[in-house]
There are 2 protein chains.
Amino acid sequence: MPDSGSEIEVALLTPERGARRTRRELYEQLRSAVRSGRLAPGLRMPASRALARRLGVSRNTVTTVYDLLISEGCLSARTGSGTFVAPGSTPGARRAPAIDMTDRLRPIWSSLPRPVVPPLAPRHFLMGLPDLASFPWETWRKMLNRTLRVHGPEVGLNLDPQGSPALRQAIASHLSLARGVACRPEDIVVTSGAQQAFDLLAKVLVHRPGVVLAVEDPGYRPAHLPFVAAGAKIEAAPVDDEGIVVEALSDDAEIIYVTPSHQLPLGVPMSPLRREALLAHARATGAIVIEDDYDGEFRFDGRPLEALQTLDVSQQVIYVGTFSKSLYPDLRLGFVAAPEWLRARLVSAKIASDGRTPLLAQDTLAAFIAEGHLARHVRRMRRIYGERRQALLDGVREAPDGWLGPFPSAAGLHLALRLPEDVDARAFLHIAAGLGVGAFPLSQFKVDRGGQNGLALGFGALDKADVRLGALALAEAARRAAAEL
Amino acid sequence: MPDSGSEIEVALLTPERGARRTRRELYEQLRSAVRSGRLAPGLRMPASRALARRLGVSRNTVTTVYDLLISEGCLSARTGSGTFVAPGSTPGARRAPAIDMTDRLRPIWSSLPRPVVPPLAPRHFLMGLPDLASFPWETWRKMLNRTLRVHGPEVGLNLDPQGSPALRQAIASHLSLARGVACRPEDIVVTSGAQQAFDLLAKVLVHRPGVVLAVEDPGYRPAHLPFVAAGAKIEAAPVDDEGIVVEALSDDAEIIYVTPSHQLPLGVPMSPLRREALLAHARATGAIVIEDDYDGEFRFDGRPLEALQTLDVSQQVIYVGTFSKSLYPDLRLGFVAAPEWLRARLVSAKIASDGRTPLLAQDTLAAFIAEGHLARHVRRMRRIYGERRQALLDGVREAPDGWLGPFPSAAGLHLALRLPEDVDARAFLHIAAGLGVGAFPLSQFKVDRGGQNGLALGFGALDKADVRLGALALAEAARRAAAEL
């Protein structure tokens with residue numbers, strides 16, 4: 001940290017600013033700051049030149065004091081990278097908790113599993129990642145620069161917590177054209193990724209403890225989490241080849257969370273009949289339906305499926321979208337197409353949660369959409385992902401009968417494959433890992449009973465050749481596993 | 001939206017892709033999409049050339065159909081800007097709510113006042129805004145580009161929901177040196193602005209309904225909001241010239257929220273004795289203290305004040321910081337320096353709330369700090385803000401005795417000024433608005449009884465000349481108001 005001399009004065013708690021300091025004074029102050037823990041072990045000290053200039057002492061004074069403290073073990077020097085507060089330089093544990101705080105924390109957060117990234121195989125079918133190498137980074141970078149140049153000093157004024165008007169306009173047009181979702185700019189609430197959409201919906205819709213949220217089983221558990229945290233009770237409904245089993249839904253479910261375009265993880269699209277049944281159920285019970293359309297833009301068989309929201313005539317469907325799959329996840333931009341009765345409170349929850357989403361990213365995305373780059377990128381990626389998907393399907397066809405049969409699906413960036421009932425998916429994946437290929441057991445998406453035995457495979461982040469080789473390796477793993485049975 | 005032809009196919013629900021369409025087919029499909037509301041009023045239609053190319057028809061076919069629909073009032077053409085779905089083209093109200101949903105929403109969000117931006121006076125002392133014109137945009141833009149070039153295709157992998165390791169390292173160094181806060185990179189949890197820090201803390205610390213949060217009165221109500229939403233009960237404690245009145249705190253308060261460096265809105269720093277008393281109270285009652293250090297970097301009198309966290313020996317103080325004031329608000333980057341007992345659950349709450357904060361902004365900031373730009377900018381702005389503050393103090397000294405006396409303060413981007421007890425601050429501001437100057441009544445920050453009568457004035461976004469003229473106008477307004485009494 002060059003030139004941070006003015007800052008260290010604070011750490012030293014110098015009474016008079018600008019007074020010349022003798023070597024001893026500086027030594028004692030620095031030593032006490034280190035030993036009291038005010039300068040923490042591992043901290044990089046300012047360069048001697050910068051500190052000297054700022055304190056009004058000679059550089060020689062600073063280097064001498066640094067050397068003295070190094071010889072005492074308070075500081076340590078690493079050649080080429082600077083001077084650091086030495087590990088273990090703080091005597092004893094300065095900060096022991098006086099009281100046990102554990103009972104002061106909400107227990108729910110202790111039970112949340114930290115995301116476990118397994119050791120990745122060379123060809124790992126990671127879920128939830130698009131092809132980052134194919135993203136038009138240079139176009140994006142130019143548009144980001146343009147937005148930044150225009151915004152710069154203006155940023156910070158006239159901000160709408162509901163989202164930038166330009167982006168809401170662009171999303172409404174895109175949704176209407178690409179997904180047949182009827183909506184206007186004023187229906188859109190911009191969120192920091194789809195995950196925040198679920199958090200805001202949970203804050204607004206869980207109006208008393210014990211509100212029942214019905215979910216798909218297997219399903220996407222991160223979306224359930226904010227509802228559980230807000231006090232909701234989860235009710236799991238099975239999924240078959242037509243989507244969520246509507247007859248399994250209880251009348252108590254006030255909220256129903258579904259992924260109708262491309263079920264996560266099975267990949268099946270919800271059939272037209274099932275959609276009608278779900279909406280009829282919602283009308284009969286008054287349930288609110290959350291439609292998570294995370295990657296429905298990528299359809300491969302030319303038969304476009306309407307969004308559930310398009311069929312809804314009673315304002316009971318809340319549509320959640322994201323640009324994490326169509327563009328890239330670090331963008332952290334998602335949105336809710338919210339019925340009118342919901343909107344104002346959703347915006348209030350947004351204000352309380354993080355104020356608003358950065359305008360720079362919003363307006364860059366707005367221009368990217370308005371100038372046709374999103375539609376172009378989605379069209380291009382649809383072809384690329386379609387080829388990968390086909391390579392995956394072709395490769396696993398080499399597996400023995402009853403192994404790796406695909407669940408029906410026509411969209412999205414992942415596929416699910418079946419395993420025989422009596423095969424342990426994790427044991428199978430162990431064999432596959434030996435052949436350099438990785439995937440996820442469907443059991444990882446189990447909410448209650450879970451059901452189907454098999455694997456989920458994302459093909460967004462592997463190129464076609466790797467998808468093909470990975471699929472062939474999976475087929476080989478199936479042959480070996482079958483021989484062992 | 002040029003070249004979005006592939007998308008409109010979905011809106012048209014075309015059964016066969018690529019089939020040639022006659023004029024009549026296209027007309028009927030578009031008309032039905034508009035009349036059913038699937039293409040919403042106000043939507044911009046694709047350019048005729050782009051749609052024609054995509055559908056495999058002549059451009060003439062598309063323009064003829066567009067013209068026909070325009071003549072029927074389904075579409076409308078605006079010269080130079082394209083063809084749009086006409087307002088009122090959807091017959092009847094397609095979407096009437098079938099059921100009353102109001103009782104399905106948490107009532108708290110209906111009571112949240114939407115942010116009211118008063119009509120701004122030419123010289124308005126806006127609160128919470130730094131000087132955006134003085135920010136080194138060009139340096140920032142270059143570093144953003146560098147980060148984007150390095151990251152690009154890598155972004156999306158190896159992401160830590162606790163925050164980028166580079167940024168946590170940079171924040172820990174900065175805090176240790178600039179604020180005397182002892183912390184290590186592993187203590188830092190990066191948040192999307194300070195507002196999200198309060199939301200995450202509320203999610204973790206409100207472990208049962210009715211947990212008491214003690215707050216300063218007057219105080220910064222947006223920080224209280226997530227706690228109230230999570231079920232906490234607010235207890236207001238008055239603020240005097242030494243900060244929060246510790247004797248007024250009840251033993252029931254499990255959480256105490258304070259702004260010790262620069263009380264919001266009064267601007268007073270918490271005195272050393274009051275700090276000791278607050279920490280002693282916390283140790284005696286087991287309360288958790290949240291220290292909001294939103295603009296403590298900007299000190300003007302050379303007597304640096306330690307952070308409360310530095311004095312804490314029992315891990316009871318949680319330090320919240322932000323870069324909204326030291327850099328710019330749209331950055332949306334803040335952080336928590338969290339005691340060890342809190343950290344894992346705070347990260348869990350972060351994962352559930354929005355997954356993570358965008359890495360691009362995080363790593364750009366990390367480089368900006370590590371290369372000394374933050375320290376340099378803060379040092380420069382400290383001088384600039386110091387001059388503005390002095391200009392404000394000098395100007396209001398022209399007011400009659402008993403009017404516009406400043407509350408003691410030595411830091412930050414705003415000041416509070418007293419008004420006589422019997423003066424209505426809003427009526428005074430009305431007179432001031434007539435003289436082209438605006439400020440905020442302290443009553444806007446009232447939590448319970450509120451106390452002090454006066455004004456809060458932010459001087460971050462006005463240059464020195466405007467601050468001076470604004471202050472003189474306020475003094476003139478005081479003379480006029482005094483004459484009227």
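**Salt bridges**

Visitor: Which residues are linked with A:Arg184 in a network of salt bridges?

Guide: A salt bridge here is a side-chain nitrogen of Lys or Arg within 4 Å of a carboxyl oxygen of Asp or Glu. By that criterion, the network holding A:Arg184 also takes in A:Glu186, A:Asp187 and A:Arg343.

Visitor: What pLDDT do side-chain atom pairs need to count?

Guide: Residues are numbered from 1 along each chain as its sequence is written, while chains are lettered from A and ligands numbered from 1 in the order in which they are written. Side-chain values use heavy atoms, without hydrogens or water, and since this is a predicted model, totals for chains, interfaces and linings use all residues, local features need pLDDT of at least 70, and side-chain atom pairs need pLDDT 80 or more.

Visitor: How many residues apart in sequence are the parts tied together by B:Lys464 and B:Glu387?

Guide: B:Glu387 forms a salt bridge with B:Arg383 at 3.6 Å, and these two are four residues apart in helix α13 (residues 373–396) of chain B. B:Glu387 also forms one with B:Lys464, at 3.9 Å. B:Lys464 lies in helix α15 (residues 464–484) of chain B and B:Glu387 in α13 of chain B, so the separation is 77 residues.

**Core and sheet**

Visitor: Which residues does A:Leu474 touch?

Guide: A:Leu474 is among the residues that touch the most other members of the largest nonpolar core, which has 140 residues. Such a core is a set of buried Ala, Val, Leu, Ile, Met, Phe, Trp, Tyr and Cys residues joined through side-chain atoms within 4.5 Å. Contact likewise means heavy atoms within 4.5 Å. Not counting residues up to four places away in sequence, A:Leu474 touches A:Phe125, A:Val396, A:Leu404, A:Phe428, A:Ala432, A:Val437, A:Leu455 and A:Leu457.

Visitor: What is the bridge partner of B:Val189 in β11(B)?

Guide: An open, mixed sheet of eight strands in chain B runs β4-β11-β10-β9-β8-β5-β6-β7, where two strands pair if DSSP finds at least two bridges between them. Its edge strands are β4 (188–191) and β7 (243–244) of chain B. β4(B) runs antiparallel to β11 (residues 334–337) of chain B, with four bridges between them. The partner of B:Val189 in β11(B) is B:Val336.

Visitor: How many residues of α11(B) are buried?

Guide: Helix α11 (residues 340–354) of chain B lies across β4, β9 (288–292), β10 (317–322) and β11 of chain B, at about 25° to β4(B); axes are lines fitted to C-alpha atoms, for helices over the stretch in contact, and angles run from 0 to 180 degrees between N-to-C directions. The helix is mostly covered, and of its 15 residues the number buried is 13.

**Backbone**

Visitor: What is the phi of A:Gln315?

Guide: A:Gln315 is in the loop between α10 (308–311) and β10 (317–322) of chain A, and is buried at 11%. Although A:Gln315 is not a glycine, its phi is positive, at about 55°.

Terms used: Buried means under 20% relative accessible area, exposed over 50%, partly exposed in between (1.4 Å probe, protein chains only).
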